[in-house]
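This report is meant for a reader meeting the structure for the first time.

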Amino acid sequence: MAKTRAGYPIKKRKISQAELSKILHKDWLQHIIIITCIIIMSCFLAVLASTIYTWSSNVLYDKWIDVLIIAAVFFIAITMFYEYYTYMAKDNSYKKLSIIGITMFITIVACQLLSHLISPYCSPLAILPIILSIMIGGRTGFMGLVVTISTLLVSYSVMDYGMYGGLSNTFYEITSSLIVSMIRVLLIMFLIRRNYSRFKLLWGSAAINLVASLPIILLAMIVSKDTTYLLLSYTYSILGGFIAIIIFTALIPLYEQIFNVWTNFKLAEICSLSRPLLQRLSNEAPGTFNHCIIVSNLAEACAIAIGENPYLAKACGIYHDIGKLSAPEFYTENQKGYNPHDDLIPIHSAKMIMSHTKIGYDMLKKARLPEDIAKVALEHHGTTTVRYFHNKARQLTEGKVNDKLYMYEGPKPTSKIASIVMISDVVEAITRSRNTANMDELKSIVENVIKDKIADHQFDNSGITFADLAKISEAITKVVPAVYHKRIDYNKGK
């Protein structure tokens with residue numbers, strides 16, 4: 001152990017967790033770590049591809065140049081995919097990068113193993129693009145499909161030329177399988193974009209697999225026109241599709257738990273009225289519960305209109321006022337005659353009302369719901385003023401009021417969905433209180449709410465555009481009459 005001149009041992013300073021995190025978050029270090037991981041993954045896949053192709057490790061010595069070429073192909077392809085993701089992604093999420101890396105590895109290994117263990121037509125290519133489409137997005141899934149197909153084709157062709165000096169029947173069979181798999185994947189990705197559940201996705205994928213595998217019969221004629229061979233090629237193609245369906249169906253729940261990713265499946269599940277927080281809201285604050293249900297329907301329609309995620313918008317709408325559970329009797333929709341604000345001075349009433357955003361955020365975080373939903377609960381009032389109690393205070397004090405004390409702490413909406421919930425929240429409250437049935441009056445209410453929020457600079461940080469706001473206004477105007485439609489009084493008829 002090192003010692004000082006006086007003979008005392010030098011104590012090594014321990015690096016704190018915060019300092020270690022700061023070091024690891026440096027850009028240059030992150031890039032080194034990622035490039036190292038890509039190199040290791042590329043080399044491993046190249047070795048795996050070459051040894052599986054020949055079922056012999058001798059290829060690593062006899063054809064080591066071909067193995068290096070395949071490794072280089074994998075490295076370039078994965079690096080391009082990484083660059084594409086970092087360019088397209090809104091957040092630099094290494095959780096998502098981990099999902100991409102692991103899924104790409106599983107898909108390539110499964111394609112290589114099953115192609116050689118069972119048949120070249122048995123390629124479960126669909127694993128990667130479908131998982132990425134569900135977990136991250138359709139663009140990433142499509143890019144993953146392109147990268148995987150091109151990489152596999154190049155690696156197989158390199159091995160064919162290295163071993164046989166030309167393209168073998170196996171290469172044509174694998175190429176046919178990948179082409180059919182691409183058609184199958186694109187159809188399933190189209191299915192994913194629709195409103196779907198786990199059950200619909202599973203059976204829809206199975207149906208697509210049976211139909212989309214038919215072209216393999218035509219492509220298999222390149223190798224042989226024997227009827228038995230063509231039927232076997234179709235059977236193996238269907239088998240590869242079903243293996244892919246089984247694998248991605250098993251992996252998605254695992255990814256949801258391990259990486260804590262909120263897919264549309266999970267978002268739909270947390271909107272179930274059997275969830276503990278929503279049951280509490282229904283029992284303890286029925287007025288707020290009804291308000292949240294309507295706001296969630298409005299938010300869902302608006303999200304569809306402007307191309308945002310309707311599942312997330314619906315979940316944000318249904319949980320946005322969950323903080324009112326702390327004191328439901330202080331909100332008019334839950335009151336039954338007695339109003340506790342009659343016994344309070346305006347500043348205390350305003351603080352009570354404004355506290356529900358921060359309380360809601362804390363409750364949602366404690367319940368381990370997504371950060372996006374918790375942020376909307378915090379942001380859906382932005383920095384607006386509690387006008388009723390602000391005006392009441394001005395009357396009592398002859399206008400001498402600190403305006404900031406009657407403003408929500410914010411922050412202002414930082415997403416389009418938060419802006420949607422803000423608009424839907426106010427419109428629902430106004431239309432309910434006025435019992436509006438006239439379409440022109442309804443349009444005027446929605447437009448005035450939007451203009452008021454624009455003038456108050458509430459949308460400055462949300463990225464929402466005037467075109468989006470016009471679509472939102474149109475969507476709300478269509479949905480509100482359906483929510484508050486009138487019914488016939490059957491007693492009068494009697």
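In which helix is Phe75 found? Phe75 is found in helix α4, where helices (H or I, at least four residues) and strands (E, at least two) are DSSP runs numbered from the N terminus. The model is a predicted one, in which local features need pLDDT of at least 70 and side-chain atom pairs count only at pLDDT 80 or more, while totals for chains, interfaces and linings use all residues. Residues are numbered from 1 along each chain as its sequence is written, and side-chain values use heavy atoms, with hydrogens and water left out.

Phe75 is partly exposed, with a relative accessible area of 30%; here buried means under 20% relative accessible area, exposed over 50%, and partly exposed in between (1.4 Å probe, protein chains only). Together with Ile35, Ile39, Ile76 and Met80, Phe75 makes a nonpolar surface patch of about 440 Å². Such patches are made of residues with over 30% relative accessible area and no salt bridge, like charges being joined within 9 Å and nonpolar side chains (Val, Leu, Ile, Met, Phe, Trp, Tyr) within 5 Å, and the areas come from the Shrake-Rupley method with a 1.4 Å probe, only the protein chains shown counting as cover for residues. Helices α2 and α4 each supply at least two residues of the patch, and α4 gives the most, with three.

A cis peptide bond, with omega about 5°, joins Gly410 and Pro411, and Pro411 is found in the loop between α18 (387–397) and α19 (416–434). Asn260, although not a glycine, has a positive phi of about 55° and is found in the loop between α11 and α12 (264–270). Arg368, also a residue other than glycine, has a positive phi near 60°; its place is in the loop between α16 (346–366) and α17 (371–379), and at 69% relative accessibility Arg368 counts as exposed.

A search of the whole structure finds 10 salt bridges, each a side-chain nitrogen of Lys or Arg within 4 Å of a carboxyl oxygen of Asp or Glu. The table gives some of them.

| Salt bridge | N to O distance |
|---|---|
| Glu300 and Lys314 | 3.7 Å |
| Glu333 and Lys324 | 3.0 Å |
| Glu474 and Lys478 | 3.6 Å |

Glu300 lies in helix α14 (residues 286–306) and Lys314 in helix α15 (residues 310–319), so the pair ties together parts that are 14 residues apart in sequence. Glu474 and Lys478, by contrast, both lie in helix α21 (residues 466–483), four residues apart, about one turn of the helix. Salt bridges that share partners also join Asp321, Lys324 and Glu333 into one network.
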